[in-house]
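Subject: Model for your files

Hello,

Here is the structure I said I would pass on. My notes follow below it.

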Amino acid sequence: MSLTTLPCAAGIGLRPPHLRQVLDECPAAAWFEVHAENYFGGGASLAALEKVRVDYPISLHGVGLGLGSATPLDAAHLAQWQTLIERIEPAAISEHLCWSALEDETLNDLLPLPYTEDALDWMVARVEVVQDILGRRILIENLSSYVRFNVDAIPEGEFLAELARRSGCGLLVDINNLYVNQHNLGRDARAALDALPADAVAELHIAGFEVREDGLWLDSHGAPVCEGVWALLDDALARFGARPVLLERDRNLPEFDALLREAAQAQAALDALKVAS
Amino acid sequence: MRSLAMLQRAFREATHSPAQAARLFGETASGISAYANNILFNRVDALAEAFPVVKQLVGDEFFNAMALAAAKAQPSQSGNLNLYGAGFAAFVADFPPAQSLPYLADAARVDWLGHCAYYAVDHAPFDPARLATLDADAQSALCFELGPAVGLMTSAWPVASLWRAHQPEDSPDYNDFPSPDQGGERVLVWRDARRRVRVMRLLPAEFAFLDACQRQQPLTEALECALDADMDFDLGLSLQRWINDQVIVNYHERVTP
């Protein structure tokens, strides 16, 4: 199975407060991505998503598996993933290059891995296990990070490239996260793009961040996409070719129409690519 | 080389130890504070979503302080934050500043049952016509099964009425604010055929019957429990309503030993 059957068009992160409007008005969005965990179990939310999927391709984006945690995988969590995949038949499934749990505590955050051979081996093995259980390839997203381990030995782009090469997973490249990391950690965002294998890159994310008092950029998904990220998106599209581009917004959620307008700007970037080629 | 597990353990320590953060992260160590906040506030947000009536009862400021204390005391155990909060009612019961509101912990239990009902797995409704095909012996040996969304509890306080008083006025469950001293209630929480979370007061016999079903008792014993509570318990009418409402969603025949 291919990495994704999402269209190479601009999609929107669909959050529960907008579900009703999307069902009622069928807005002109190319596709939607939802957080998988919000639809675990059953009930009204899942029933609504089953209606949305009739009219739009759906991408399921997990935030809770903690693939890189040095603890056993949560079998119940994976079983919920399986059930949801059967119900929704998503066009793509994705998770993060991160860890989130210790033996006695789940931290429910996307925590950065040290970029070491040790961590790479572990991630490759875990992605392989999950792909075996789910019966399909997953996309792995690069994180925004606020710290860098002293033991880091592999550049971020190379780490992701090697993970994709060895596990067969696809890559979900978050442009905003590269941009934020460049500011916070001094990592070169364009060097990371250059290191990634284009045929593994199956989806791009864009979002907005906020500036903390001490100058740290927080990847809050709470603001519109900034100019620097739009420019980096253009570079990524030039490097990889047309890809599904997702606008994410989680905090300070605006009216849905504002998201449609912002997604239209991403669509314009994709359209410009076609004209140029 | 230090193992991945050790580095992750050290990362957690660094969220409350600047010295550890400096050792692990060097010049980027100050960024660790973003994680310390996220870890706790993600739990607080999850509690705010799962306990809306408690939050309304005590106000945002009190709730956030109580939830933050709970977030520190009770680690999450799942990557799915919708599962976080099972221990919150017990925490509220022991939280010193909440002692002046003795019903608050039971209000939290109702909220939690409602939260679980919202996310409970779907179950196909049950066709009562299937019951008619059973002979009398089989009928008396059958065990009714409650839906995955159903929760039952008792309280010395009118917490079902309290929950209902916090619903929109056009909700099927809305009622006026109860007086705290109007007595205890038996509470049924479930998800109806339109996938709405519902809360009802139960009569003693109704509670006794459903509680027996939840304990996997066969019909004859569940009925006995109900009749002990009230000789006038109307089995036919109650069954019809609970099957329609998807409180009872299935039955199985008891395997005779």
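Predicted model: local features only at pLDDT ≥ 70, side-chain atom pairs only at ≥ 80, totals over all residues.

Strand 9 (residues 201-206) of chain A and strand 12 (residues 245-247) of chain A run parallel and are joined by three bridges. Strands count as paired if DSSP finds at least two bridges between them. Across this pairing, A:L204 is opposite A:V245 in strand 12 of chain A.

Residues are numbered from 1 along each chain as its sequence is written, and chains are lettered from A and ligands numbered from 1 in the order in which they are written.

Both strands belong to a closed barrel of eight strands in chain A, in the order 1-2-3-4-7-8-9-12, with parallel pairing. From one strand to the next, the twist averages 30 degrees. Helix 8 of chain A packs on the sheet and touches strand 8 (170-174) and strand 9 of chain A; its direction makes about 170 degrees with that of strand 9 of chain A. Angles run from 0 to 180 degrees between N-to-C directions, and axes are lines fitted to C-alpha atoms, for helices over the stretch in contact. Contact means that the C-beta atoms of two residues, placed from the backbone, lie within 7 Å.

Helix 8 (residues 227-240) of chain A also packs with helix 9 (residues 256-276) of chain A, at an angle of about 40 degrees and with the axes 10 Å apart. That makes helix 8 of chain A oblique to helix 9 of chain A (under 35 degrees is roughly parallel, over 145 roughly antiparallel, 65 to 115 roughly perpendicular, and the rest oblique). The contact involves A:L233, A:D234 and A:L237 of helix 8 of chain A, with A:A269, A:L270 and A:L273 of helix 9 of chain A. By class, these residues are five nonpolar, no polar and one charged. Ala, Val, Leu, Ile, Met, Phe, Trp, Tyr, Cys and Pro count as nonpolar, Asp, Glu, Lys and Arg as charged, and the others, including Gly, as polar.

Between the chains, 39 residues of chain A are in contact with 38 residues of chain B. Strand 6 of chain A gives the most to the side of chain A that touches chain B, with six residues. That side has 19 nonpolar, 12 polar and eight charged residues.

Regards

Methods:
Helix = DSSP H or I, 4+ residues; strand = E, 2+ residues; numbered from the N terminus.
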